[in-house]
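Here are my notes for you on this model. Keep the structure open while you read.

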Amino acid sequence: MSKRIVAVTGANRGLGYALVKRLVKESSFDKVILCARDLERGNKSMKLIVDDVKPKSDMIEVAQLDMDSSSSISAFCRNINKNYGALSAIVNNAGIMVKAAEISPFDKAVQTAQPNLFGIMRLNDLLLDQGLIQDKGKIINIS
């Protein structure tokens, strides 16, 4: 039987962080991957979770994943293929909201759609096209 592995994007804070913590504490997954745009912030978040769930600390891992970067998304997929073969599930939680007053509403929409829509589509396409989601695996998109 293959290992059950879940990745959560945008997981170094907020809902993603809380989800990773809960998955580590309560789920039947063998590995939970905390994905963060900034690896340093991801490692800090992982340390906080590990301090809270010491007996299960080997369940959690950090991966760099910037949904605004095609090269980061491709590197993440290569990492999944190399280290795990495939994911049982991915929770696409990463997202941004552009608030800068000096940016037009149209430009805010474009800047927001890049990671929140197109980045997720790019990631999901690569995962599916490369067979990186296990049979009966799940892709969960939070919007």
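1. Is Asn 12 buried or exposed? Asn 12 is buried, with a relative accessible area of 18%. Buried means under 20% relative accessible area, exposed over 50%, and partly exposed in between (1.4 Å probe, protein chains only).

2. A word on the source. This is a predicted model: local features need pLDDT of at least 70, side-chain atom pairs count only at pLDDT 80 or more, and totals for chains, interfaces and linings use all residues. Residues are numbered from 1 along each chain as its sequence is written, and side-chain values use heavy atoms, without hydrogens and water.

3. Asn 12 sits in the loop between β1 (5-8) and α1 (14-26). Helices (H or I, at least four residues) and strands (E, at least two) are DSSP runs, numbered from the N terminus. Contacts of Asn 12 (heavy atoms within 4.5 Å) include Tyr 17, Cys 35 and Arg 41, leaving aside residues up to four places away in sequence.

4. Now β1. Ile 5 and Ala 7 point one way; Val 6 and Val 8 point the other way, and all are buried. In a regular strand the side chains alternate between the two faces of the sheet.

5. β1 pairs with β2 (residues 31-36) in the parallel sense over 4 bridges. Pairing takes at least two DSSP bridges between two strands. Strand β4 (residues 87-92) also runs parallel to β1, joined by 3 bridges. Val 6 has Val 32 as its bridge partner in β2 and Ala 89 in β4.

6. Cys 35 is buried, at 0% relative accessible area.
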